[in-house]
Amino acid sequence: MSKKIILRILIGIFLFIIILLASMPLVVRKIAIQNSKEWIGRSISLEKLKVNYFTGTIKLIDFKMYEANDTSVFVGFDTLIIDTEPYRYISNEIVIEQLYLKGLNIYVAMNDSSFNFDDLVVFHQSDTSVYVDDTIPGEPLRFEFSNLELKDAFFTGKDLTLDKQVELSNIDFFIPFISWDQEHKSEAGLRFDFKNGGFFQSNIDIDPMGGDFEADVKLNGLDISGYDDFVAKYVNVGSFSGITDLDVKLVGNINKPEEAIASGSLQLKDFELKNDDKPIVRVKKINVRLTEANLAQNHFLIDTIQFSEPYLYFEMFDSTNNVVELINQALPPADSLEVNAVEDAIGDNSSSELYYALNNFIISKGIIDIVDRRTSEPFKYYLSELELYTDSITNTSSWVEMQSNMVLNKRGKLVAEVGINPSNPMDFSVDYTITDFMLSDLNIYSRHYMGFPILYGDMYYKAHTSILNGKITSENKLIIHNVELGNKGGGLYDLPLKFALFLLKDKDGVITLDIPVRGDLKDPKVSFGKIIWNTFKNLIIKAAAAPVKLLSGLIGADPKDIESIEYDYLDTVFTEKRQ
């Protein structure tokens with residue numbers, strides 16, 4: 001055979017190989033599209049498939065995987081580039097120099113408890129083929145991955161029953177290098193934007209040899225409004241809004257993720273919770289600084305919890321109030337809670353004794369708007385400039401002290417010191433002083449219960465109250481200036497209040513009372529309100545029934561001198577003492 005023929009044959013083979021390699025992507029693309037439903041359970045489309053055999057680069061352009069209806073897009077992307085080094089597979093190494101995915105678009109829809117990918121799960125679970133590895137054991141497979149990047153991804157999650165959806169945009173993810181035996185830490189980063197504003201960002205450093213990792217997770221400017229419909233499917237708390245910032249650091253080992261230790265901070269700004277379109281809770285800013293959270297050891301250290309400019313709307317009804325009702329509707333029914341599920345959630349952590357510590361708990365510039373609808377007309381009261389500060393609290397603390405002060409209905413002032421037993425919150429004590437309190441603020445209560453309107457008067461009140469083991473002990477000092485009542489009209493109770501107040505006044509028109517209150521709250525027939533009311537009622541009745549002692553204070557005389565005054569029938573003028 002001549003050299004020319006051999007050369008022509010070689011050229012022909014070479015051209016055939018070139019044509020085959022050039023047409024291979026077109027053939028593979030067409031076969032993959034035609035058989036996609038049979039192979040992976042869904043139809044696909046692919047605009048272009050390019051292969052560079054010299055550099056080992058594969059490029060896919062405009063890929064789409066459709067829904068089961070073959071029209072809507074389930075998953076798609078603009079560009080996928082995989083740059084490999086195929087020759088290194090000979091030495092049992094898989095090397096990817098670049099994996100670049102741009103414009104990934106995922107759509108997940110939920111209808112009750114079913115999802116739009118359930119058919120894919122069933123399809124792949126139905127594959128009962130068994131893979132038998134008959135290869136000869138050899139060197140372990142090595143890998144090196146460089147420049148793994150996800151760019152401009154977009155995720156949409158839709159709840160079809162609510163007709164609401166969550167969108168995450170501009171999702172970016174980057175890992176510069178990973179290998180099975182690298183000596184230095186791997187670095188990875190992920191970032192995406194939320195539709196309502198804000199972004200999520202994370203960075204992680206991993207030591208592949210030892211498994212140690214450090215991760216920083218940041219959530220910035222997330223607007224939580226619009227997610228209330230999703231939350232309402234599980235917890236009925238009403239509508240809410242606010243801006244969230246979260247910064248968390250995790251340190252641990254990938255082989256023991258449950259032993260990771262977390263620290264960081266949480267900030268919630270302009271939070272508002274509404275129920276029936278009525279604001280119940282508002283907070284200008286909530287700051288939480290976490291020093292350490294060790295779930296494995298049940299060890300939790302919190303540096304600060306601070307509420308800035310909180311607002312609470314508190315509405316009282318005959319047997320309940322709006323806060324209790326909100327909690328009750330948020331909690332699941334008691335019969336739906338399973339003890340076993342709770343025990344499983346605790347898991348092995350139950351073997352570690354819980355330890356917690358809170359260094360600072362602060363409330364500043366708080367407001368409480370009170371409406372009592374138990375009276376004939378709504379009683380409204382306004383507490384403002386609420387300040388509260390606590391010393392450190394731990395699970396070993398037997399007593400915690402708190403200091404607080406507030407403005408009462410824009411006039412009076414209250415200063416209080418509260419002590420409480422953290423292990424039994426029903427054991428507490430409170431010392432407080434009220435000054436510049438206007439009695440006319442209680443006009444609605446006075447008219448409703450006793451029928452007397454309060455025209456004017458102010459009050460100074462100092463009290464020490466403690467409840468220990470259900471026993472209430474309260475010492476109260478009350479000083480009332482210039483109190484005047486209007487004419488009686490109605491009222492639930494017929495008490496001689498006007499006469500009693502007249503008797504209780506001294507010669508300067510000041511009423512000074514020391515009122516001890518005692519009771520046993522363990523008695524089911526006794527309540528705190530009843531104890532206070534019965535003490536007050538008995539005081540009024542006693543004053544009116546035995547006026548001599550009180551009148552003696554009014555005129556500055558000895559009670560024995562006014563129990564009886566004797567007159568001679570010839571007397572025509574009162575003596576000074578009789579007068």
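**Questions on the cores of a predicted model**

Student: Leaving aside its neighbours within four places in sequence, with which residues is Leu 408 in contact?

Tutor: Contact means heavy atoms within 4.5 Å. This is a predicted model, in which local features need pLDDT of at least 70, side-chain atom pairs count only at pLDDT 80 or more, and totals for chains, interfaces and linings use all residues. Residues are numbered from 1 along each chain as its sequence is written, and side-chain values use heavy atoms, without hydrogens and water. With neighbours within four places set aside, the partners of Leu 408 are Tyr 381, Tyr 382, Leu 383, Lys 413, Leu 414, Ile 434 and Phe 437.

Student: Which residues have the most contacts inside the largest nonpolar core?

Tutor: A nonpolar core is a set of buried Ala, Val, Leu, Ile, Met, Phe, Trp, Tyr and Cys residues joined through side-chain atoms within 4.5 Å. Buried means under 20% relative accessible area, with a 1.4 Å probe and protein chains only. The largest such core has 39 residues, and those with the most contacts inside it are Leu 408 and Tyr 432.

Student: Which strand gives the largest share of this core?

Tutor: Strands are DSSP runs of E, at least two residues long, and helices are runs of H or I of at least four, numbered from the N terminus. Five residues of the core come from residues 379-390, the largest share, and that strand is β17.

Student: How many residues does the other core have?

Tutor: This core lies apart from the largest one and includes Leu 168, Phe 192, Tyr 311 and Val 371. Its count of residues is 36.

Student: What percentage of the chain's residues count as buried?

Tutor: The chain has 10 helices and 24 strands. Of its 579 residues, the buried share is 32%.

Notes:
Buried means under 20% relative accessible area, exposed over 50%, partly exposed in between (1.4 Å probe, protein chains only).
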